[in-house]
Amino acid sequence: MGIGEFRNKMNRSAFLGMRRSPNVSPRRLSDISPQLRQLKYLDVDESIKEDLKSSRSVEDINSASIGLTSIEERILRITGYYGYQPWTAIYNRDERPCEHLMPAEAQAPAAPDTGGQRVTRCCLKLTASQARKICWGVAVLLGVCLSWTGSTQLAKLAFRKFDAPFTLTWFATNWNFLFFPLYYIGHLYTSTEKQSPKQRYRECCRFFGDDGLTVKVFFTKVAPFGVLWTLTNYLYLHALRKINTTDVSALFCCNKAFVFLLSWIVLRDRFMGVRIVAAILAIAGIVMMTYADGFHSHSVIGIALVVGSASMSALYKVLFKLILGSAKFGEAALFLTILGGVNFVFFSFVPVILYFTKVEYFDSTDAVPWGYLCGVSVLLLTFNILVNFGIAVTYPTLISLGIVLSVPVNAVVDHCTSEISFNTVRVIAVLTISLGFLLLLLPEEWDQWIIKLLARLKVRKKEEAAEGNGEAGPGLSWSRRARSSMSNFTH
């Protein structure tokens, strides 16, 4: 037998043995005694041994045997039984540490294996992306909270000198004209394929259908949302004239519960018991908030106005999803800009009528607190930009948390600037509504996630207990392993 023929035979037998199916593998090591005897009496010349040492197949087998310390593993590696494949074991060994790799550990020098480096870079990329998203989320959360709180407080201050909630609503909604221009500036800054404003406008108009924004589409799919937008803001601002900002901001959080109820009825969304509980908590909070002021007509009207505003907001969101579906960033910016046009064209006569009927009357334009009006408009514009486009850089849950976080911020501001008594009933009502809002933020698979988390914690505790027992009695563990190995040979 020549060296080449012997080498080919060894390679074929090694690879066939390594890839043998576990279905035909023996149950005991004593079943492979003939193969062990063949290996024992195998006689190879020294020249053939030297030639085999330089062979690539033997080098691969030797590299695969690194880390194998027990006799059983060496025998299984040689014979190939139980479906044992050392190359697969080494490949998995290189990937496994990357599952629990921390950022600090990932900066350490990696192994020379390119596969391990590729997986490490992937883990680093995912970790950095998640960290970046969380950082942006904190910034957006603070922006949503401060803009919503600031607009509410400034509107409350403006009504002390300018008692005209609809005029303020009309003035602030006109600033929606800036949505599409601001989006187009961002498009020029970030996009690689630059488009003219006209091209971008035509592309975004496909959101309304194949024919674009026609007269029929305008009056059937756009104008009704302009009415809902104006009613939502007007009822919210009008409620600020009746009750304090803390109650208004807390009651407006009920719109999340109304969205769920309407989506369940109209859109046939998935039924979730926890969200029904959240809706019940929101309704209970409204009742307790009314009871906190003793059911006075002034407070009841204010609470009814805020609940109406939350209902209009929920109806706006559900109908938008039902009629128009989901919109991209450019399409949403164009839609909001068109709403500003609807407000200017169709509702400009309302402030004029209210002025001449002295429902919302002011002496002259000099008496108008333009600083407050512009401040409210800018803050509302910022709030809507963050709510509608913040999803591009962070998670939607963090954006929603900014709204509920405005409730305690408004409470602190009210406590410092005005004499408001936060009795027990009012505090419980605010906490109940906030708890219902937080329950509505839970994802649909939250129960499965909790079950998986508990299962992982249980497995980890078992592993830690097993490691502790192994460290406490190494001699006992070694004797058990030796006894188990000897019992295998006795079968």
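Which helices each supply at least two residues of the lining of the largest pocket? The legends below lead to the answer. This is a predicted model, where local features need pLDDT of at least 70, side-chain atom pairs count only at pLDDT 80 or more, and totals for chains, interfaces and linings use all residues. Residues are numbered from 1 along each chain as its sequence is written, and side-chain values use heavy atoms, with hydrogens and water left out.

**View 1. The largest pocket and its lining.** The helices in question are α12 (215-239), α14 (255-265), α16 (297-323), α17 (329-346), α19 (370-389), α20 (396-417) and α21 (424-440). Helices here are DSSP runs (H or I, at least four residues), numbered from the N terminus. A pocket is an open set of points on a 1 Å grid over the protein atoms alone, with protein on both sides within 12 Å along at least five of seven lines, and lining residues have an atom within 4 Å of a point. This one holds about 1,900 Å³ of space, a volume being the space filled by probe spheres set on the points, which are joined across faces, edges and corners. Of its 47 lining residues, Lys256, Val259, Lys317, Val387 and Ser400 are the closest to its centre. Helix α16 gives the largest share, six residues. By class, the lining has 28 nonpolar, eleven polar and eight charged residues (Ala, Val, Leu, Ile, Met, Phe, Trp, Tyr, Cys and Pro count as nonpolar, Asp, Glu, Lys and Arg as charged, and the others, Gly among them, as polar).

**View 2. The largest cavity.** A cavity is a set of grid points where a 1.4 Å probe fits but cannot get out, and the structure holds two of 30 Å³ or more. The largest has a volume of about 80 Å³. Look for Trp229, Asn233 and Asn384 among its lining residues. Helices α9 (165-173), α12 and α19 each supply at least two residues of this lining, which has six nonpolar, six polar and no charged residues.

**View 3. The second largest cavity.** Here the volume is about 50 Å³. The lining includes Trp148, Asn233, Tyr236 and Val376. Helix α8 (114-161) provides the largest share, four residues. Six lining residues are nonpolar, three are polar and none is charged.

View 4. Cys374 counts as partly exposed because its relative accessibility is 30%, whereas Cys416, at 63%, counts as exposed (buried means under 20% relative accessible area, exposed over 50%, partly exposed in between, with a 1.4 Å probe and protein chains only).
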